[in-house]
Structures are given as structure tokens and as C-alpha cells.
Amino acid sequence: MPHLFEPFPLRGVTLRNRIGVSPMCQYSYQDGFANDWLLAHLGARAAGGAGLVIAEATAIEPRGRITPYDVGIWSDAQIEPLARVTRFIKAQGAVPGIQIAHAGRKANTDRPWEGGQPISAGDPRWWQTIGPSPLAFSPRHQTPQEMSVQEIQSTQALFRQAARRALDAGFEWLELHAAHGYLIHSFYSPLSNQRADAYGGSFDNRVRFLLETVQTMRAVWPERLPFTVRISGTDWDENGWSVDDSIALAARLKSEGVDLVDCSSGGNLSNASIPFAPHYQVPIAEAVRRGAGIPTAAVGLISDPRLADQIIRQGQADLVLLGRELLRNPTWPIQAAQALEQPAPVPPQYLRAY
Ligand SMILES: CCCCN1C=C(C(N)=O)CCC1
């Protein structure tokens, strides 16, 4: 059975280990342009030994940003600043990934450290949000404008263009953001989609937006590179999306050429009671992996090397993605290798420290 420091081949890409940097929004950009922060932040974690470094939610259009300070890939001018980052990540022996996103009805909020609240209508930074139905995420969020079928199709075209730009920017791993209550999740969850047309109602109709978007992006993303999707495996609500729904969805994604499902959860209810705890989402990754026979990534409060190694050894997931633990310690992979008595991915510049 594989272990945490076993390479992971997927399509034409091989990760040096089973550890990935989970996409984590940094809200540190002007007009969507990557900058020194992104280079230093992700570069340090590539040098720290991760096998996969996934760049944060990157918006396909300006109104798809969570905040006005998000990074974007809606224009060709944004490609080179991102390419500077992918070149460095590759030079460190890691694989550069990107999470392609649209925040939908959860867009247009302030940065967490500035309150994180929806931006009010009078503010010059305000923009109209969009979604499947006129249902606000919370009492403080604006009511999104219901998308017409024509707008659904033009948004899918923006996702496709984003995939091509990501390829041009040198990314080798694409993650489509279909989780956390953002646009795509809000289509497949019955809590946020009350449409009466082909994009709402039945399971097949609610997952249609995601499956069509996967088809149009897969068509421009090379066969030799992994195409992956982050889902919210459950809404943590009896009337919402469930793990069984996720297993059924994952089987459909697999048949559309998706190579791995990254299993997070929640985000579509502003008042959900989520059982946060170390590894709380690992059972979802395990259920999807076994139920749909597709590789999965586990994410969510993973920080102990031995326990992370167990996730892989027990076949609960193929990758572990770390977020906050890697914010605290960019060289966690090196220290985990030492703890597990495995060869450590130490860059030559750091050798004297280990
Ligand atoms: C339901 C968990 C949501 C955690 N966050 C996810 C983000 C994301 N971009 O997926 C950014 C804000 C925090």
C-alpha cells in the first residue's frame, strides 16, 4: 500500500509525494494580478517539500471574485505574473496547480481581516452578484441576479477561457472550484437552486451546470494533465446535498474525464453546524473513493504526520491537502519525512538546517 512519501502518478504528471498545499485565498492582489506575495507564499511551500502546490481560488471574471482583492485569470495580461510563479514552483520540484473559481452569490465581500462582510451598495467597490436563483446566502448578503440560460452558457465559456490561460501560465494541475457555496456548488445544492428549467429541480438538472462546465474545460485542458474538481461532499443539512449525492456525482465526473475529486464540505449555509475536528472530512474522501472508484484528496484540519500517513496507507484518500498547518509551517513535508523516517525533500539551500 502506498504511503505519504510515495510518488503519485496521475495522467502525465507525477507528484513527488502525497502532500498538497490546499488552495487558500490570500486576498492580496490589485485588479486580479499575481504579485510578489503569491510568489513568496507559494514558492516557500514548494521549497518546503510539498508535492503539489495549488494556487488559491482564481476568478474567471471580476464579479466572480470573493473580494475585490482576489487573483484572477480573466485577461491574458494576468498570465505572465502567474507564469512567474509556476516557473518557480516547478524549479523546486513541485507541481503547480490552480483552482479556477467563480464566487457566485458569495462574491463581493470584504477581506476577512477587514470584517469579511458583504460590501454595501453605496461602496464604490460594490458589484451585482449572480447565481442560479434569487436567494441570498445570508441576511447580510445581496440577493443574486438569477442567471438566464444564455448567461449560464457565457459563464461556461469564461471557465473554458480560464482553463486555456491556466495552461498558458504553465499550470499542470487544474482544480475546478465546485465547493464552499460558490457558484457551481450553489447550482447542485437544492438549498440554493430553485430553478424550474433544465438547470434546476432533479439531481441530473442541478449537476448539469457542473458537468457541462467540466466538458467544456476538459476539451481545452490537455489529456496529459490532471483535471480535478473540489466539491462540498455534504451541506451538513438534512434538506441539502449529501455524501450519497457526492458519490453519484463523482461517478458522473469520472465518466467526463475528471481524474480526482477533492473532498471538502459546507459553505452553502450561513448558519450550518459543522462538526469541525481533525480529519472531519476524511470519511467523505473515503466514501467517494470507494463508492465511485475515483482518486480523492482529503482536506480539513490534517496536521499530524503519522495520521496523515495513515490516511494514505488505509486507502481513505490518494492525497492529503494541508491548509493552516502549511501556513504555520511551510516545511511541514520535510519534518513529516523525518518523523516517518523517509527521505526528506530538502532543497540544497536548507540542508544545513536538517
Ligand atoms: C466552508 C469552508 C469555507 C472556507 N473558506 C473557503 C474559501 C474558498 N475560497 O474556498 C475562502 C474563504 C474560506
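Predicted model: local features only at pLDDT ≥ 70, side-chain atom pairs only at ≥ 80, totals over all residues.
The largest pocket has a volume of about 1300 Å³. Its lining is made up of 49 residues, and those closest to the pocket centre are Tyr 27, Lys 106, His 180, Tyr 182 and Arg 324. By class, 21 of the lining residues are nonpolar, 21 are polar and seven are charged. Among the elements that supply at least two residues of this lining are strand 12, residues 319-322, and helix 9, residues 324-328. Helix 9 contributes the most, with four residues.

Tyr 27 is found in the loop that runs between strand 3 (19-21) and helix 1 (36-47). The phi angle of Tyr 27 is near 50°, a positive value in a residue other than glycine. Tyr 27 has a relative accessible area of 12% and is therefore buried, the limit being under 20%. Lys 106 is placed over the faces of two aromatic rings. One of them belongs to Phe 137, with Lys 106 at 4.4 Å from the ring centre. The other belongs to Tyr 182, where the distance from Lys 106 to the ring centre is 4.9 Å.

A search of the whole structure for cavities of 30 Å³ or more returns one. The space in the largest cavity amounts to about 50 Å³. Its lining consists of Ala 57, Thr 58, Ala 59, Gly 64, Arg 65, Ile 66, Asp 70, Ala 101, His 102, Ala 103, His 177 and Tyr 182. Strand 4, which covers residues 52-59, gives the most to the cavity lining, with three residues. Six residues of the cavity lining are nonpolar, four are polar and two are charged.

Six aromatic pairs are found in a search of the whole structure. In one of them, the ring centres of Trp 236 and Tyr 280 lie 6.5 Å apart and the ring planes meet at 25°, so the pair is stacked. Trp 236 belongs to the loop between strand 9 (227-232) and helix 6 (243-255), and Tyr 280 to the loop between strand 10 (260-264) and helix 7 (282-292), so this pair ties together parts that are 44 residues apart in sequence. Tyr 280 also pairs with Phe 276: the ring centres are 5.3 Å apart and the planes stand at 65°, so this pair is edge-to-face. Trp 236 is partly exposed at 26% relative accessibility, Tyr 280 is buried at 15%, and Phe 276 is exposed at 55%. Elsewhere, ring pairs link Tyr 188, Phe 203 and Trp 241 into a cluster.

The loop between strand 10 and helix 7 also holds His 279. For His 279, phi is near 70°, again a positive value in a residue other than glycine. His 279 has a relative accessibility of 17%, which is under 20%, so this residue counts as buried. Asp 304 is placed in the loop between strand 11 (296-299) and helix 8 (305-313). The C-alpha atom of Asp 304 is separated by 9.2 Å from that of Pro 278, although the two residues are 26 residues apart along the chain. Asp 304 is partly exposed, with a relative accessible area of 33%.

Ile 334 lies in helix 10, which spans residues 332-339. This residue is buried, with a relative accessible area of 0%. Apart from neighbours within four places in sequence, Ile 334 is in contact with Ala 47, Gly 48, Ala 344, Pro 345, Val 346, Pro 347 and Tyr 354. For Tyr 354, which is 20 residues away from Ile 334 along the chain, the C-alpha atoms of the two residues are separated by 8.7 Å.

Notes: Residues numbered from 1 in each chain as written. Heavy atoms only, no water. Buried < 20%, exposed > 50% of the residue type's maximum accessible area, 1.4 Å probe, protein only. Contact = heavy atoms within 4.5 Å. 1 Å grid on protein atoms, 1.4 Å probe; cavity = no way out; pocket = protein on both sides within 12 Å on 5 of 7 lines; lining within 4 Å. Points joined across faces, edges and corners; volume = space filled by probe spheres on them. Nonpolar A, V, L, I, M, F, W, Y, C, P; charged D, E, K, R; others polar. Phe/Tyr/Trp six-rings, centres within 6.5 Å; stacked < 30°, edge-to-face > 60°. Lys NZ or Arg CZ within 6 Å of the ring centre and 35° of its normal.
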